[in-house]
Amino acid sequence: MEKQIELKGLSKRYRGAKEYSLHNVSLAVNAGEVYGFLGANGAGKSTTIRTLLNFIEPTSGSATICGLDIVRDSVKVKNHIGYLAGEVALYDKMTGREFLQYMAALQPVKSKGYVGELIKRFQADTDKLLGELSKGNRQKFGLIQAIMHEPDVLILDEPTSGLDPLMQEEFFKLIGESRQRGASVFVSSHNFAEVQRMCDRVGFIRAGKLVAEQTLAELADKAAHTFTLTFADAAPLERLKALPRAHVTLHNEHHLTISIEGELSPLFRLLGQHHVTRLEQQEVNLEEEFMRFYKEGSDE
């Protein structure tokens, strides 16, 4: 598959600093893929994004966007990118309409009709001054300006910050549409439910180093699976507790919750020997898996 974002040993150490803010990071994002970039505050997410955009130059290593070098071809690269900063900075004295017209003049859009569609979908008030808008309404204009020229690559930092649930749903639809037309999406987020909703793969960064990459399917396979079970007769509590890597919480004689990591076959073989009247599986908690990677990394 075509790699639209590629980092090779990318590193950044600021002048006078002993430690690298970004150290030997290599990753690639394919066309039509949504890549979630996860890490605690100060882990190196913002440094990675700023380096990709050539706001700061790497100390060593290299990166390309759409086959163009981020330093040597910096101007050309920006023609392929839609960018949303973590803290949206807008022109407070402009109306929303004036702002979008200004941004379209800087980076021409392919379709004025598409801009109008985005305004309608986000229910954006284009007549008010941007400085008078709430955080959520300002975020709408940040997203519109990033998406409106239908870029090959979207780089988004905390994109749903301040959006209400209805607007978040609209954003997820737009990300799906961008993926379908072949765009690559590189998204930094603290919202784990958001990452689970839209990403194909995730990368975990800690202390400037990429400590793991996983597809969402791989994360789900490795993470603990949690089931709530109800038995017609007394629950086989001791046998369930004896299963490898299992944790059982008893609610009453017939009803319990079990979390189990790894292979599920032993659990289902055991359940097949009993009369189970109800089985519910809880959604895999990506946040717990994220914290596991961080705890493992802190022990290195």
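Predicted model: local features only at pLDDT ≥ 70, side-chain atom pairs only at ≥ 80, totals over all residues.
Start with the pairing of α4 and α6. Helix α4 spans residues 112-121 and helix α6 spans residues 165-180. Their axes come within 10 Å and cross at roughly 150°. Angles over 145 degrees count as roughly antiparallel, so that is how α4 and α6 run relative to each other. On the α4 side, the contact is made by Tyr-114, Leu-118 and Arg-121. Facing them in α6 are Met-167, Glu-170, Lys-173, Leu-174 and Glu-177.

Tyr-114, Val-115, Leu-118 and Arg-121 are the buried residues of the helix. These residues lie on the same side of α4, because the arc they cover around the axis is only 130°. An α-helix has 3.6 residues a turn, so residues three or four places apart point the same way. As for what covers the buried residues of α4, the list includes α6 and also α5 (135-147). Lys-112, Gly-113 and Lys-120, on the other side of α4, are exposed.

What about disulfides? A search of the whole structure turns up zero. Cys-66 is in no disulfide, and the nearest cysteine sulfur, that of Cys-199, is 19 Å away. Cys-199 is likewise in no disulfide, with the sulfur of Cys-66 as its nearest cysteine sulfur.

Terms used:
Residues numbered from 1 in each chain as written. Heavy atoms only, no water. Axes fitted to C-alpha atoms, helices over the stretch in contact; angles between N-to-C directions. Helix = DSSP H or I, 4+ residues; strand = E, 2+ residues; numbered from the N terminus. Parallel < 35°, antiparallel > 145°, perpendicular 65-115°, else oblique. Contact = heavy atoms within 4.5 Å. Disulfide = S-S within 2.5 Å. Buried < 20%, exposed > 50% of the residue type's maximum accessible area, 1.4 Å probe, protein only. Arc of directions from axis to C-beta.
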